[in-house]
Amino acid sequence: VVDAELQIGQASESVSVEASAPLLQTADATVGTVINNQQIENLPLNGRDYLQLAALSSGTIPSVAGVTNGVTGTPVGVSIGGQVGTAAAFLLDGIDNNSQTILPTHGNQKEVIKPSVDAIQEFKVVTNGYSAEFGRSSSGVISVSIKSGTNQLHGTAYEFLRNDALDAKNYFATSKSPYKRNDFGASAGGPVIHNKLFIFGDFELARARQSSIQVDTVPTLAER
């Protein structure tokens, strides 16, 4: 006879919660893409223009102007559905953010206020079938959501530097063109009254000092 003793084990409990996006949006026919904060912070941007990430949405390409600040083909926005960049509508925290006068002095930019990359929580590019509540656009809508303060103090500080000391010389030039660009700023947010009132703010400043070299072919004395 073998008396086997069984010990009482520890009670354990596990809760598993799973969620997935619906395969079909039945509430409306809106087609769009949300670019979240992690993508905005981690993906490379030239010139810290968040609109470059709008190209992650289908049916969009960077929009260029004919001549902006003396440079031909300068990116100034996003083209949705093959239309010009100025045909898109912009919302900033649900508020209209569209310039009523698109002029070269404004950089041909439709946005009145272009938020800093560090101030954006996320933005959505709506390309097709958007609700009539948006309106004022024949191509699409770009809705930007700004960060807010939380119960924890958080912030960023940065500077991006480009300098002619790190650049190569133009092939036809005898010397380097002076070029110095500093893009710096900071953002901070936190509580004013715990769980009730919060604050968030940011600033960004870009300074550029540069010259350009233009090479032309002119007729010789005999040709003239």
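Modeller: Happy to! Asp118 is buried, with a relative accessible area of 15% (buried means under 20%, exposed over 50%, and partly exposed in between, with a 1.4 Å probe and protein chains only). Please keep in mind that this is a predicted model, where local features need pLDDT of at least 70 and side-chain atom pairs count only at pLDDT 80 or more, while totals for chains, interfaces and linings use all residues. Residues are numbered from 1 along each chain as its sequence is written, and side-chain values use heavy atoms, leaving out hydrogens and water.

What does the side chain of Asp118 meet in a salt bridge? Its partner is Arg48, at 2.8 Å from N to O (a salt bridge needs a side-chain nitrogen of Lys or Arg within 4 Å of a carboxyl oxygen of Asp or Glu). Arg48 belongs to the loop between helix 1 and strand 2, and Asp118 to the loop between strand 7 and strand 8, so this contact ties together parts that are 70 residues apart in sequence. Helices (H or I, at least four residues) and strands (E, at least two) are DSSP runs numbered from the N terminus. Arg48 is buried too, at a relative accessible area of 14%.

By the salt-bridge rule the count comes to 6. One of them joins Glu41 and Lys147, at 3.7 Å from N to O. That pair links distant parts of the chain, 106 residues apart: Glu41 sits in helix 1, and Lys147 in the loop between strand 9 (141–146) and strand 10. Lys147 is buried at 15%. Another joins Glu111 and Lys114, at 2.8 Å from N to O; Glu111 is buried at 2% relative accessibility, whereas Lys114 is partly exposed at 36%.

Tyr158 is buried, at 14% relative accessibility.

That brings us to the rings. A pair of aromatic rings is described by the distance of the centres and the angle of the planes. Rings of Phe, Tyr and Trp (its six-membered ring) pair if their centres lie within 6.5 Å, and planes under 30 degrees apart count as stacked, over 60 as edge-to-face and the rest as tilted. By this rule there are 2 aromatic pairs. Tyr50 and Phe123 are edge-to-face, with 5.0 Å between centres and 75° between planes. Since Tyr50 is in the loop between helix 1 (37–42) and strand 2 (60–64), and Phe123 in strand 8 (residues 120–128), the pair ties together parts 73 residues apart in sequence. Tyr50 is buried at 1% relative accessibility, and Phe123 is buried at 1%. Tyr158 and Phe160 have ring centres 5.7 Å apart and planes at 45°, so their pair is tilted. Phe160 is partly exposed, at 43%.

Next, the strands around these contacts. Strands 1 and 8 pair in the antiparallel sense over 5 bridges, and Val31 has Asn128 of strand 8 as a bridge partner.

Strand 10 runs antiparallel to strand 11, joined by 10 bridges; Gly155, for instance, has Ala188 in strand 11 as its bridge partner. Strand 11 also pairs with strand 12 (residues 197–210), antiparallel over 14 bridges, including the one from Lys180 to Arg209. Strands 11 and 12 form a hairpin with 3 residues between them, and Asn195 in the turn has a positive phi of about 65°.

Terms used
Pairing = 2+ DSSP bridges.
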